[in-house]
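Q: Hey, I'm new to this one. Can we walk through it together?

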Amino acid sequence: MAAALAREGGEDAFRRLFRFYRRRDGLDLRGVVDFSAPGNQMVGSQLSISSVSDQDAYRAGLQPVRQWKAYSLDGYPGFIFIPNPFLPGCQRHWVKQCLKLYPQKPNVCNLDKHMTAEETTDLWGQSKEQLRRKNSSKGEPKSLLEKLRWVTLGYHYNWDNKKYSADHYTPFPSDLAFLSKQVAAACGFQSFKAEAGILNYYHFDSSLGIHVDESELDHSHPLLSFSFGQSSIFLLGGLKREEAPTAMFMHSGDIMVMSGFSRLLYHAVPRVLPNLEGTALPSCLELALPSDFPDGSVIEHSSEEDWQVCAKYLQTSRINMTVRQVLPDGQSFPEDSEQTAVSKDSYHQEDSKAKRHKPNADS
């Protein structure tokens, strides 16, 4: 069915496939590319092994680059998919950072639109007990962490006027900058500098609308995407919505790099799926960080208490970190201090009808 819809082409072929994978009943996943089981459509992608030392990879919580698998897709030059290259236990660090540390002030989140700074000062502290006690009842009130939809880091994207600005900036997290630098270097982008991040928090009724990431002043640098928690379907299309997209799974720990031609393609996330392994959490998240993990890494040990909260959250959720370089190398913002950004179409969507949802709304 998905293949037939893709062949139809015509006006807004992307939208038809988006709606197909949003459907709740009788979802056919046979047309979804799974990079954990490579097939004919994908080809191996060459990495720059010498650009990242084993020590730096280890410090970022990653396997040596020579052990990574990397793939590209026919028709998508510049697209690189790296199935989970993280060392055992290291994904937990990034999940905890996204839930406990990165939402803290002065970073910006969707809840700021409707709540005071005092009310959003400690989302983790206000949510952890409620999350830990949470059962499967749909009637339970949501914790503040469950109402979190996005957090911005570094240069904060303004969802209302579609701009980055020089005066709306907070220091980019050093651990995420280091991770991003190693991944970018391994993919051939040695000068990459993490300057802006958008963290998206999805639940089973969430989706990411069809859009293009073209807000940054420099498109020669890649867009990096890191996924944790439940799996999702990612749609990667073309330069126009008339081009039907390719559907692929993004599993916990997977990294996606969009560069070159693929940097400005339409893309979307129509669905988040319960763990395809049949357990509450993917098996890669069940392993804790070894007690003898060496000092000098950006990876921190998570307490069992903290991980219980994170694990409870992830049973129905997915977290995605996207990192980008905003400015050309060695340059600053133009004198008007702002760069107009064109965000084509809705960004974040929610509920079974894929209703248009403004990213800065608390829902």
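Q: How many cavities of 30 Å³ or more does a search of the whole structure find?
A: The search finds 2 of them. A cavity here is a set of points on a 1 Å grid over the protein atoms alone where a 1.4 Å probe fits but cannot get out, and lining residues have an atom within 4 Å of a point. Grid points are joined across faces, edges and corners, and a volume is the space filled by probe spheres set on the points. Before we go on: this is a predicted model, where local features need pLDDT of at least 70, side-chain atom pairs count only at pLDDT 80 or more, and totals for chains, interfaces and linings use all residues. Residues are numbered from 1 along each chain as its sequence is written, and side-chain values use heavy atoms, with hydrogens and water left out.

Q: OK, what volume does the largest cavity have?
A: About 140 Å³. Its lining has 18 residues, and L208, S225, H267, N320 and T322 lie nearest the centre.

Q: Which strand gives the most to that lining?
A: Strand 14, with 4 residues. It runs over 317–324, and other elements giving two or more residues include strand 7 (196–203) and strand 8 (206–211). Helices (H or I, at least four residues) and strands (E, at least two) are DSSP runs, numbered from the N terminus.

Q: How do the lining residues of the largest cavity divide?
A: Into 9 nonpolar, 6 polar and 3 charged. Ala, Val, Leu, Ile, Met, Phe, Trp, Tyr, Cys and Pro count as nonpolar, Asp, Glu, Lys and Arg as charged, and the others, Gly among them, as polar.

Q: New topic, then. How many aromatic pairs are there?
A: The count comes to 12. Rings of Phe, Tyr and Trp (its six-membered ring) pair if their centres lie within 6.5 Å; planes under 30 degrees apart count as stacked, over 60 as edge-to-face and the rest as tilted. F35 and F79 make a tilted pair, 6.5 Å centre to centre with 45° between the planes.

Q: Where do F35 and F79 sit in the chain?
A: F35 is in the loop between helix 2 and strand 1, while F79 is in strand 3 (residues 79–82), 44 residues apart. Ring pairs also link both of them with Y71 and F81 into a cluster.

Q: Is F35 buried or exposed?
A: F35 is buried because its relative accessible area is 2%, where buried means under 20%, exposed over 50% and partly exposed in between (1.4 Å probe, protein chains only). F79 is buried too, at 1%.

Q: What about S127, buried or exposed?
A: S127 is buried, with a relative accessible area of 0%. It is found in helix 5 (residues 123–133). Leaving aside neighbours within four places in sequence, S127 is in contact (heavy atoms within 4.5 Å) with S143, L144 and L145.

Q: And which peptide bond is cis?
A: The one from K105 to P106, with omega near 15°. P106 is in the loop between helix 4 (91–101) and strand 4 (108–109).

Definitions and conventions: 1 Å grid on protein atoms, 1.4 Å probe; cavity = no way out; pocket = protein on both sides within 12 Å on 5 of 7 lines; lining within 4 Å.
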